[in-house]
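Here is a friendly briefing to read alongside the model. Keep the viewer open and follow the topics in turn.

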Amino acid sequence: MAVIITDECINCDSCVEECPAMAIVSADDSPLDEPEFTYVKPEKCIECVDCSVPKCFDVCPTPGAIAWDMPYTQEYDDYYMERNGEGIYNIRVHKSKGVFSPANQPRPYRDSISIEDRVEHKALEF
Ligand code: SF4
Ligand code: SF4
């Protein structure tokens with residue numbers, strides 16, 4: 001993804017309109033079965049690689065609400081597909097193209113963020 005929204009989120013939805021990739025939806029529009037929080041679609045997030053600071057982080061009033069997740073790349077296809085099956089994500093399925101998995105549709109990511117920080121879901125800070 002990219003980034004994930006944690007249980008620190010207060011569902012203010014300030015980030016929804018700011019995302020340049022339209023990757024963020026409010027809990028009411030979340031594709032998860034039992035959504036509690038605003039949701040980032042990992043198959044859409046581009047980590048705002050062309051910006052100095054991710055737009056969602058820039059507007060978020062809540063420290064710790066947005067954290068790093070793994071790169072959305074082929075290398076982490078199993079990671080995302082397993083969690084997709086567990087209901088942590090609900091990755092879009094296209095009628096003819098199939099699941100927009102990392103292997104099918106890798107997304108840009110910030111290589112300046114370490115894999116260790118991503119494994120720990122470290123909160124964004126700039
Ligand atoms: S990092 Fe950028 S692309 Fe990803 S969810 Fe946040 S605003 Fe959207
Ligand atoms: S701006 Fe922050 S607190 Fe508000 S919905 Fe987005 S992640 Fe949650």
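## Starting point: one residue

Pro 106 counts as partly exposed because it has 16 C-beta neighbours inside 10 Å; a residue is buried with 20 or more other C-beta atoms within 10 Å of its own, exposed with 12 or fewer, and partly exposed in between, with C-beta atoms placed from the backbone. This is a predicted model, in which local features need pLDDT of at least 70 and side-chain atom pairs count only at pLDDT 80 or more, while totals for chains, interfaces and linings use all residues. Residues are numbered from 1 along each chain as its sequence is written, and chains are lettered from A and ligands numbered from 1 in the order in which they are written.

**More on Pro 106**

- Pro 106 sits in the loop between β6 (98–99) and α3 (115–119); helices (H or I, at least four residues) and strands (E, at least two) are DSSP runs, numbered from the N terminus.
- Leaving aside neighbours within four places in sequence, Pro 106 is in contact with Tyr 72, Thr 73 and Gln 74, where contact means that the C-beta atoms of two residues, placed from the backbone, lie within 7 Å.
- For Gln 74, 32 residues away along the chain, the C-alpha separation from Pro 106 is 6.5 Å.

**The overall fold**

- The protein chain holds 3 helices and 6 strands, and from the N terminus on they run β-β-β-α-β-α-β-β-α.
- The radius of gyration is 13 Å, close to the 14 Å that the globule rule gives for 126 residues, so the protein chain is as compact as a globular protein of that length. The radius is taken over C-alpha atoms, and the rule is 2.2 Å times the number of residues to the power 0.38.
- Along its principal axes, the C-alpha trace spans about 40 × 35 × 25 Å.
- Of the 126 residues, 32% count as buried.
- Among contacts in the protein chain with a separation of 6 or more, 71% are made by residues 24 or more positions apart.

**The nonpolar core**

- The largest nonpolar core has 25 residues, of which Val 3, Ile 5, Val 40, Cys 56 and Ile 66 touch the most other members. Such a core is a set of buried Ala, Val, Leu, Ile, Met, Phe, Trp, Tyr and Cys residues joined through C-beta atoms within 7 Å.
- At least two residues of this core come from each of β1 (3–5), β3 (39–40) and β4 (66–68), and β1 gives the most, with 3 residues.

**The two ligands**

- Around ligand 1 there are 16 residues, and Cys 19, Cys 45, Cys 48, Pro 54 and Cys 56 come nearest; a residue is near a molecule if its C-beta atom, placed from the backbone, lies within 6 Å of it.
- By class, the shell of ligand 1 has 13 nonpolar, no polar and 3 charged residues. Here Ala, Val, Leu, Ile, Met, Phe, Trp, Tyr, Cys and Pro count as nonpolar, Asp, Glu, Lys and Arg as charged, and the others, Gly among them, as polar.
- Ligand 2 has 14 residues around it, with Cys 9, Cys 12, Cys 15, Thr 38 and Cys 60 coming nearest.
- The shell around ligand 2 divides into 9 nonpolar, 4 polar and 1 charged.

**Between β1 and β2**

- Most residues other than glycine have a negative phi.
- Asp 13, in the loop between β1 and β2 (24–25), has a positive phi near 65 degrees.
- Asp 13 is partly exposed, with 15 other C-beta atoms within 10 Å.
- Met 22 lies in the loop between β1 and β2 and has a positive phi of about 50 degrees although it is not a glycine.
- Met 22 is exposed, with 11 other C-beta atoms within 10 Å.

- Ile 24, in strand β2, counts as buried, with 25 C-beta neighbours inside 10 Å.
- Ile 24 and Val 40 are 16 residues apart in sequence and 4.5 Å apart in space, C-alpha to C-alpha.
- Ser 30 is in the loop between β2 and β3 and counts as partly exposed, with 19 C-beta neighbours inside 10 Å.
- Beyond four places in sequence, Ser 30 touches Val 25, Pro 35 and Tyr 39.
- Leu 32, in the loop between β2 and β3, touches Tyr 39, Gly 87 and Asn 90, not counting residues up to four places away in sequence.
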